[in-house]
Amino acid sequence: MLRPIRTLAAAAAALALVSACNSASTNGAGTGKPGDVSGNTRGVTADSIKVGGIVSMTSASGYSKKDTDLGARARYLRANAEGGINGRRIDYLGAEDDGQDPAKNLAAARKLVQQDKVFAVSPMSSVTFSGADFLEQEKVPTFGWGTLPSFCGPKHIYGFNGCLVPTPGGTLNQTWPEGIGQILGGARGKSVAIIANDSDAGKFGIRTFQQGFASAGFKVSYAKASVPGTAVPSDWSAYVKEILSSNDGKAPDAVVSVMQTPNNIGLFTALKRSGYQGLLSDPTDYDPGLLTKDATKQALDGVHVLLQFQPFESADPKMTQFKADIKAAAGGREVPLNMHMLTGYMSADLFVSIAQKAGKDLTVESFQSAAQGFSDTGTLVGDRAEPKGQKDSFGCGALVQLKNGAYEVSVPFKCYEPIPFK
């Protein structure tokens, strides 16, 4: 049976108890080598596999990824209902809350390994991953959304849709430029403006997407990481003026925002008020919760949102299964779907799939051996393969458009040939 997420009080009590019982264990997972406890595989018994998660359940801004835990729980529930992993039940401890705090992220990783003795961490979903080096050192198979550099390169850390942070020698996912090209009837002769926050992430986004759109055949008329990352501008007129004259004095055919929802609402509203009639797109605003406010629906109406998984509106049987699993994990209730649920679900799904291949004799070594030759097709994130996914993305995605208060698929889910990152 899956354990409920602990309350803070219970967690504190458990921490005190385990600390008292294991005061000699301060750096490693036990007395054996990494991945082992006293010579046995950590977290694996004859009939169970212990797994935990790390998720930003809370944050100072109020932003939460808590539904990542529900998504993982849903996938583990189904796996257990189907007989577990080669006969072993998945003992999912739930997710530790790192509060988007690097110190808490590392502390959560240490707790899961040194005290809870988990075999794997899945899901790991946060804007920080300071626990990555520790988990890699301890040889803990770890799964999450590969949007952070730590998902690209380490041997024991896996992105559920591959590595999304390209490095020299890696590749770029072309879903966004290829999809927008389809909507516009081809990229040839078309121009695009790309805007991001003035931050390291924003600058990197500009660098990657500028290369991707240019490679697809677009003229990149504007590419700047110029919007303050610390506060949403109250006046967007200067940005709008610059964008609308960027295409040799004319407006570009498309404006792509590599920013979060509050910035997108401000920018897109200002562009619409200026009379802009071109295509608007971003990678973040796919959330039914955004549709509960009329002002938000109006600001984002017509916007095409990039996805790197099958849209919830898809008729794919695996999406039908996902929805049924989420409902079961929610106690039979219909709950609004969001991308955090799918992040947790697919993190868990990749772990389960590799562990199944590892066979009955489950150890870190057998798991890693299975991962080295793992591949499957037709999942909710497309075709998967390891260790390819530890260097490249799986190259798949879709676009949906918010239209009249509902999302519609504007470019169906498809896998595109990635391009070399320069």
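**Close-up views of a predicted model**

**View 1. Helix α2 passes helix α11 in a right-handed crossing.** The contact is formed on the α2 side by D67, T68, L70, G71, A72, A74, R75, Y76, R78 and A79, and on the α11 side by H340, M341, T343, G344, Y345, A348, D349, F351 and V352. By residue class, this contact of α2 with α11 comprises 10 nonpolar, five polar and four charged residues. Two packed helices are described by the angle between their axes and by the distance between those axes. Here the axes of α2 and α11 (residues 339-358) come within 6 Å and cross at roughly 40°.

**View 2. An open sheet of five strands has the order β4-β3-β5-β6-β7, with parallel pairing.**

**View 3. Strands β5 and β6 run parallel and are joined by two bridges.** The strands span residues 120-125 in β5 and residues 142-144 in β6. Within this pairing, V121 stands opposite T142 in β6.

**View 4. Residue A299 lies in helix α9 (residues 294-300).** The relative accessible area of A299 is 5%, so the residue is buried, the cut-off for this class being under 20%. When residues up to four places away in sequence are not counted, A299 touches I265, F268, T269 and K272. Q210 is 89 residues from A299 in sequence, and the C-alpha to C-alpha separation of A299 and Q210 is 25 Å.

**View 5. Strands β16 and β17 pair in the antiparallel sense over seven bridges.** Strand β16 covers residues 396-403, and strand β17 covers residues 406-415. K403 stands opposite A406 in β17. The hairpin of β16 and β17 has two residues between the strands, and N404 in this hairpin takes a positive phi near 55°.

Conventions:
Residues are numbered from 1 along each chain as its sequence is written. This is a predicted model: local features need pLDDT of at least 70, side-chain atom pairs count only at pLDDT 80 or more; totals for chains, interfaces and linings use all residues. Side-chain values use heavy atoms; hydrogens and water are left out. Two strands pair if DSSP finds at least two bridges between them. Helices (H or I, at least four residues) and strands (E, at least two) are DSSP runs, numbered from the N terminus. Buried means under 20% relative accessible area, exposed over 50%, partly exposed in between (1.4 Å probe, protein chains only). Contact means heavy atoms within 4.5 Å. Axes are lines fitted to C-alpha atoms, for helices over the stretch in contact, and angles run from 0 to 180 degrees between N-to-C directions. A crossing is left-handed if the near helix is turned anticlockwise from the far one by less than a right angle, and right-handed if clockwise. Ala, Val, Leu, Ile, Met, Phe, Trp, Tyr, Cys and Pro count as nonpolar, Asp, Glu, Lys and Arg as charged, and the others, Gly among them, as polar.
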